[in-house]
Amino acid sequence: MRDRHCVLILAMMLLAGAGPARALIIEFVPADQTVALGGTASVDVVIDGLGTGVAPSLGAFDLEITFDDAILAPAGIAFGGLLGDGIVTSVNGGTLTAGRTDAFELSFLFPSELDALQPSTFTLLTLSFEARSVGSAVLSLGRAILGDGFGDPLLLDSAGSGTVRVLAASAPVTEPPMLLLLGLGIGSAWLLRRR
Amino acid sequence: MGGRRLRRAGFIARFGWLAVPALMLTAPHAAARGIHDPADAAFAGAVHVPMPPAGLPADALEYEFVVAGVTFRLESTSGQPLLAAPFTGQTGIYVETFSDSGQGVVLTVSPPVTAIGFLGSNFDGCPGAEFVGALDTELVHTPPFTFCEDVFIGAADIGDIGLVNIRRRGSLFVVHDLRFVPSPGSSGQADLAISVESDAERLLPDTAGGFDLLLDNLGPDDGSGVKIIDFPPTGLLSGSAPPDGVVDVTAEVVTWDRATVAAGSGEPFRIDILTPSRPAFGCKSLLTNIAAVSGTSVDPLLANNVAVDTIGFDVQAVFGEPEICGNRIDDDCDGQSDCMDSDCHCPPPRLPLDPSAPAPNCPLGGNIIEGPSGEVIVVSGGCEPLPASEHQCQVPRGACGGVVLPAYCCDLATWSDPSLNASQALEACRVEVPGCAPVDPNFKESNPTVNAAGYGYAQAGQRISYRIHYENIGNADALNVQVIDVLDSSLDDATLIVHDGGRYDPARRVLIWTDPSLPPGEPRSVGFEVNVRADAAPGNRVRNVASIVFPNAEPPSRIDTAPIEHVLIDPQFPPSPELSVVGCDAVAPGIWQVRLRNDGYGYAYNVAASVVDPPAGVVVTDPTARFAHDEDERPDALATVIPIAVTSSHDHIAFTTATPGDPCPALTWRIRWENLQGEESIREVQSAADGDRDAVPDDVDNCPAVANPDQQDTDRDGTGDACEAPAEPLRCDIDLDGDVDRDDTAAITAARNTPANGLDDPRDADGDGTITVLDARQCVLECTRPGCAR
């Protein structure tokens with residue numbers, strides 16, 4: 001599944017080549033995933049639509065991400081490293097609370113350095129969750145404050161969402177045809193019994 | 001005159017039976033007389049012979065010597081040596097007479113003389129002598145009831161005297177001086193004359209020159225024992241002897257001896273010199289050569305026995321040349337040196353004292369009173385006057401060298417006018433040189449007065465009176481003493497009045513007094529008065545030096561007095577003190593010693609300075625300080641503030657102030673002082689302007705228009721906070737620590753996503769009313785350190 005994420009990101013990066021201004025988007029990658037109860041789900045928050053080697057680049061961001069805390073419990077945040085190293089050239093931080101995660105990063109790099117460092121698409125941060133109950137949890141972007149190298153706001157054109165499905169721990173994870181066959185079997189059995 | 005003439009039985013006895021008819025047939029000589037006054041006319045032109053005669057052995061009972069062709073033979077009949085014993089404390093011929101039995105000294109004279117006498121000191125009784133002349137015998141002794149410590153006994157008008165018995169019962173006598181008048185025709189009378197002529201009237205420094213002397217014997221007889229004496233200009237005698245001359249480098253004299261000089265003959269002599277370099281030889285210098293002649297023959301005219309000529313500095317040769325500034329020499333001889341000369345284009349020193357004149361910017365150098373370049377009082381180096389304790393003046397003491405006196409002794413009036421209330425200073429300012437003569441008896445004084453070093457003030461047209469004091473400090477009569485004075489070119493000889501029998505040679509501008517006989521320990525003086533030229537310019541100087549010549553001293557000696565020099569001032573600006581308080585030094589919290597500066601050329605006495613009307617920032621509890629020179633012996637009676645110096649107070653004032661530095665220059669002071677006459681003066685003075693009255697002088701005030709005694713300057717830019725507009729806070733300097741760094745961005749991110757605290761909240765860098773990470777990013781770009789580091 002991780003490989004699939006990488007393929008998607010790579011595809012977004014390729015699409016973001018130099019050319020006419022592109023829409024600024026924040027996506028959750030993967031957009032949909034299933035984890036077993038008690039397992040861990042990891043979601044990348046990816047920005048797309050910046051310049052490649054040119055402005056605009058991202059100088060700071062401050063995001064709020066909400067989710068169903070009955071299903072998911074926040075477990076951690078890892079920052080992407082393309083605003084700075086989190087120690088000398090940037091500072092970052094966040095709060096993990098029930099149903100909501102805040103995260104921000106502030107770069108100390110000059111705008112030109114950011115332009116040179118950042119591609120058009122990259123991961124801002126990676127959130128990890130613990131699957132605490134069976135169900136489906138939607139990750140949504142609440143507050144999203146983005147600033148370019150000069151601290152001027154960057155306006156999002158759209159923001160995606162993500163879904164994490166949590167299944168019981170004993171239930172095998174079946175492929176859709178198998179379910180279809182199972183459904184067909186059960187249905188057939190029910191029809192035969194009525195007859 | 002006062003002597004008692006007696007005929008004596010001894011005389012009759014000595015001449016045997018022939019004497020009786022002589023006594024009977026010969027009446028006493030009508031004019032016969034004993035003489036007690038050495039100035040008696042009978043001794044005019046007398047030959048003086050200091051006793052003891054040269055070469056007298058210490059134990060001799062008999063001795064013979066010749067003077068002016070006359071042979072004298074001394075014989076002691078008391079058994080005591082002729083030479084005075086040390087116990088007498090005298091030098092001379094010792095005459096001891098305990099009885100009339102022939103004790104004493106017998107003097108035989110050949111050929112006999114017309115008058116003879118003895119000057120001496122008596123130790124017991126009163127001396128007497130029996131003079132045996134061709135016509136009479138005169139017994140002379142001191143009259144009764146006469147104090148006869150120093151006496152003269154002589155006789156004349158008794159015919160030629162060939163024998164003298166010096167004796168009187170119960171007397172002890174030491175003869176210092178023998179005087180006699182030879183009989184006409186029996187001994188030569190030679191009018192010896194000397195003249196001197198310089199090569200040039202004026203020469204430049206380092207130039208060869210000289211003086212030609214000419215000896216003449218104007219007769220009528222041959223001169224004997226002739227000595228030609230020359231005193232070259234002081235300091236210019238080299239060790240090389242002129243032909244036939246004898247050089248005494250120590251005494252600075254050249255002599256030539258001639259056994260006889262034929263009547264009507266003459267002989268030239270020559271003295272070569274090299275003029276000194278500058279500044280020793282300067283515009284006012286006169287190189288004075290003095291020539292004299294003496295002989296053992298009788299000289300009927302002494303006035304022509306001395307001659308003087310001078311070589312001056314060739315002023316015309318340098319006039320118009322540029323002044324070299326700062327070498328302390330009046331290079332172009334216009335009377336102004338260095339900054340005093342307009343050639344130097346610098347503000348003149350304050351002489352004449354002109355309050356409106358700018359302060360000197362290139363002051364003079366040297367001690368407080370300085371030599372040949374002529375400044376009366378000068379400062380030493382730099383623009384600031386020296387501390388008073390470092391001033392001094394040096395007083396020349398002739399052969400004894402010099403003696404250094406503290407500066408307060410150099411006041412113009414301290415020495416010349418002791419009637420002023422400067423008695424303490426006069427007593428303190430002694431000029432003795434240890435181990436040397438206690439005082440120089442040969443000196444000049446003047447009116448207007450001068451200070452210890454001989455410097456004073458005068459002005460154009462003013463009359464100056466000079467008096468020259470001289471004394472014989474030897475132990476025998478000085479004969480034919482000459483006092484010589486050459487008039488300064490700035491003196492108008494048309495107004496000259498010569499006192500005390502002096503004569504004036506207008507061609508050479510030389511004054512000469514002749515004193516035929518000067519006994520030891522008898523101070524005398526001569527004087528003259530003359531006007532300064534009416535057209536003499538201020539700044540010029542009138543310099544005067546007298547010379548006293550003792551031609552019969554051994555060796556002959558010439559003594560130049562210390563110079564007297566008057567600086568000509570502008571009467572509009574007489575020298576006076578110019579006092580101000582220039583600072584205070586804290587000696588303890590709230591206790592201050594005050595520094596007083598005298599920029600004037602006048603002395604001030606008993607000076608007190610008081611703070612008046614202090615500004616609000618200065619709280620004065622003791623406002624008055626008093627000043628004295630470090631070496632004042634009794635500052636409670638006479639406290640001295642000297643010119644061109646900074647004098648510290650000898651007590652303290654008390655005040656507190658918020659001013660970080662020294663507030664005293666900015667304070668107003670009331671200064672009181674006295675002159676030597678006790679006349680009080682008062683002035684109020686503030687050394688440094690203080691427009692805002694914060695006790696900080698304007699020139700160092702970091703906010704001169706606003707009172708700020710604490711001189712606060714937060715940003716240390718040299719401008720006081722009181723004068724600066726409120727500082728514009730640095731954008732994004734959230735913690736107001738003067739820079740923008742991570743502390744400031746951290747303060748913003750800590751408050752992100754909250755409303756700004758009003759429009760001026762520095763955390764809301766973009767002013768959108770909300771503190772966000774974007775504000776932090778904008779502030780990153782305002783960081784004042786690389787990488788926004790702390």
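Which residues does Ile484(B) touch, leaving out those up to four places away in sequence? Select it and you'll find Ile290(B), Val308(B), Val510(B), Leu511(B), Ile512(B), Ala546(B), Ser547(B) and Val549(B); contact here means that the C-beta atoms, placed from the backbone, lie within 7 Å.

Some housekeeping before going on. Residues are numbered from 1 along each chain as its sequence is written, with chains lettered from A and ligands numbered from 1 in the order in which they are written. This is a predicted model, where local features need pLDDT of at least 70 and side-chain atom pairs count only at pLDDT 80 or more, while totals for chains, interfaces and linings use all residues.

**The cores**

Stay with Ile484(B): along with Ile194(B), Leu213(B), Ile228(B), Ala291(B), Val483(B) and Val549(B), it has the most contacts inside the largest nonpolar core, a set of 59 residues. Such a core joins buried Ala, Val, Leu, Ile, Met, Phe, Trp, Tyr and Cys residues through C-beta atoms within 7 Å, and buried means 20 or more other C-beta atoms within 10 Å of a residue's own. Now highlight strand β26 (478-486) of chain B, which gives the most to this core, with six residues. Strands are DSSP runs of E, at least two residues, numbered from the N terminus.

Apart from that core lies another, of 55 residues; select Phe67(A), Phe108(A), Leu114(A) and Leu124(A), which are among them.

**Where the chains meet**

Show both chains: 13 residues of chain A are in contact with 15 of chain B. On chain A's side, β4 (60-66), β7 (100-107) and β9 (135-147) each give two or more residues, and β4(A) gives the most, with three.

Next, pick out β24, β34 and β31 of chain B, an open sheet in the order β24-β34-β31 with mixed pairing; strands pair if DSSP finds at least two bridges between them. β24 (455-458) and β31 (541-544) each have a single partner strand, so one side of each is left without a neighbour in the sheet. β31(B) runs antiparallel to β34 (564-568) of chain B, joined by four bridges. Zoom in on Val542(B), whose bridge partner in β34(B) is His566(B).

**Confidence**

Finally, colour by pLDDT, the predictor's confidence in each residue, from 0 to 100. Chain B averages 79, with 80% of its residues scoring at least 70. Residues 1-30 of chain B stay under 50, and residues 435-439 of chain B are below 50 too. The model scores ipTM 0.81 and pTM 0.51.

Notes: Two residues are in contact if their C-beta atoms, placed from the backbone, lie within 7 Å. A residue is buried if 20 or more other C-beta atoms lie within 10 Å of its own, exposed if 12 or fewer, and partly exposed in between; C-beta atoms are placed from the backbone.
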